[in-house]
Amino acid sequence: MKKTLLGIGLCFLILTISGCVSKDSDVEKNVKEFLTAIYQVKNTDTYTEMMKKITEDSQAEKMGTGVIQKSDEPYKPFLARYENYCTEETLDLLIQNGYLYQYEQLAAEEECQFMVKDITLKLDDTQKQYHYTVQVEKRLKDNIIQILTSEGTVKINEEGYISWFKINKRLG
């Protein structure tokens with residue numbers, strides 16, 4: 001009996017030390033997935049398709065005034081990326097601040113990819129706000145890779161969803 005308990009305890013200790021037990025909380029995982037959705041751009045197909053729909057639907061005037069509605073069909077693929085991680089108010093904030101497809105647009109203009117390499121989170125004293133640093137590889141068309149960093153702040157509500165988001169330092 002003692003050998004069995006000792007064996008189970010030893011197995012648990014080995015699993016814990018080897019990293020098989022999750023180190024990130026669910027909230028931190030949520031924040032990292034949200035930030036990855038913001039910064040990582042493997043291709044610009046979604047952005048290109050959105051711009052095509054806007055042109056076809058004669059919504060260029062609406063786009064020019066900066067008025068984007070969550071109900072607008074072309075924006076739904078972008079909103080779908082973030083809706084599992086944040087509140088409705090945060091979705092509105094993403095639209096208002098231009099974060100919704102900012103890096104997709106930049107990747108399309110510069111013909112590059114943005115690949116998230118590392119995300120560092122630091123929880124502040126209130127335990128409801130993370131300061132983050134994201135390290136991104138910018139892969140240019142001519143196989144040149146640049147390492148860029150961005151910093152910002154993410155606030156979390158009681159349910160663990162992102163309730164506020166701000167980029168303090170853009171990629172560069």
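Select Gly98 to begin: this residue lies just after helix α6 and takes a positive phi of about 75°. The model on screen is predicted, and every value given on this tour is computed from it.

**Helix α6 and its cover**

**The whole chain**

Now zoom out and colour the chain by secondary structure. The chain holds 7 helices and 4 strands. Followed from the N terminus, the order of elements is α-α-α-α-α-α-α-β-β-β-β. Of the 172 residues, 35% are buried. If a surface is drawn, the chain exposes about 10,700 Å², of which carbon and sulfur atoms supply 52%. Among contacts in the chain with a separation of 6 or more, 54% are between residues 24 or more positions apart.

**The sheet**

Select the strands next. The 4 strands form an open sheet in the order β1-β2-β3-β4, with antiparallel pairing. Strands β1 (112-123) and β4 (162-169) stand at the edges with a single partner strand each, so one side of each has no neighbour in the sheet. Neighbouring strands of this sheet are turned by 25° against each other on average, direction ignored.

Focus on strand β2 (residues 129-140) and strand β3 (residues 145-156). These antiparallel strands are joined by 11 bridges.

- His131 stands opposite Thr153 in β3.
- Gln135 stands opposite Thr149 in β3.

Follow the chain from β2 into β3 to reach the turn. The two strands form a hairpin with 4 residues between them, and Asn143 in that turn has a positive phi of about 65°.

Proceed to the pair formed by β3 and β4. Here 6 bridges join the strands, which run antiparallel. Select Val154 to find Phe165 of β4 opposite. This pair is also a hairpin, with 5 residues between the strands. Gly160 in its turn has a positive phi of about 90°.

Which strands does helix α7 (residues 102-110) touch? Helix α7 packs on the sheet and touches β1, β2, β3 and β4; its direction makes about 150° with that of β1. Helix α2 (residues 26-39) likewise packs on the sheet and touches β1, β2, β3 and β4. The direction of α2 makes about 150° with that of β1.

**Loops with positive phi**

Most residues other than glycine have a negative phi.

Glu111 is found in the loop between α7 and β1. Is Glu111 buried, partly exposed or exposed? Its relative accessibility is 47%, so Glu111 counts as partly exposed.

**From Glu83 to Tyr161**

Move to the loop between α5 and α6 and select Glu83. Glu83 has a relative accessible area of 46% and is partly exposed. Glu83 and Tyr161 are 78 residues apart in sequence, and their C-alpha atoms are 9.7 Å apart in space.

**Helix α3**

The last stop is helix α3, residues 45-56. Its 12 residues, at 1.5 Å a residue, should span 16 Å, and the end C-alpha atoms are 16 Å apart, in agreement with that expectation. Show the side chains of Tyr47, Met50 and Ile54, which are buried. These residues cover an arc of only 60° around the axis, which puts them on the same side of α3. Turn the view to the other side of the helix, where Asp45, Thr55 and Glu56 are exposed.

Technical notes. Residues numbered from 1 in each chain as written. Predicted model: local features only at pLDDT ≥ 70, side-chain atom pairs only at ≥ 80, totals over all residues. Heavy atoms only, no water. Buried < 20%, exposed > 50% of the residue type's maximum accessible area, 1.4 Å probe, protein only. Contact = heavy atoms within 4.5 Å. Areas by Shrake-Rupley, 256 points an atom, 1.4 Å probe, with all protein chains shown as cover. Expected span 1.5 Å × (residues − 1). Arc of directions from axis to C-beta. Pairing = 2+ DSSP bridges. Axes fitted to C-alpha atoms, helices over the stretch in contact; angles between N-to-C directions.
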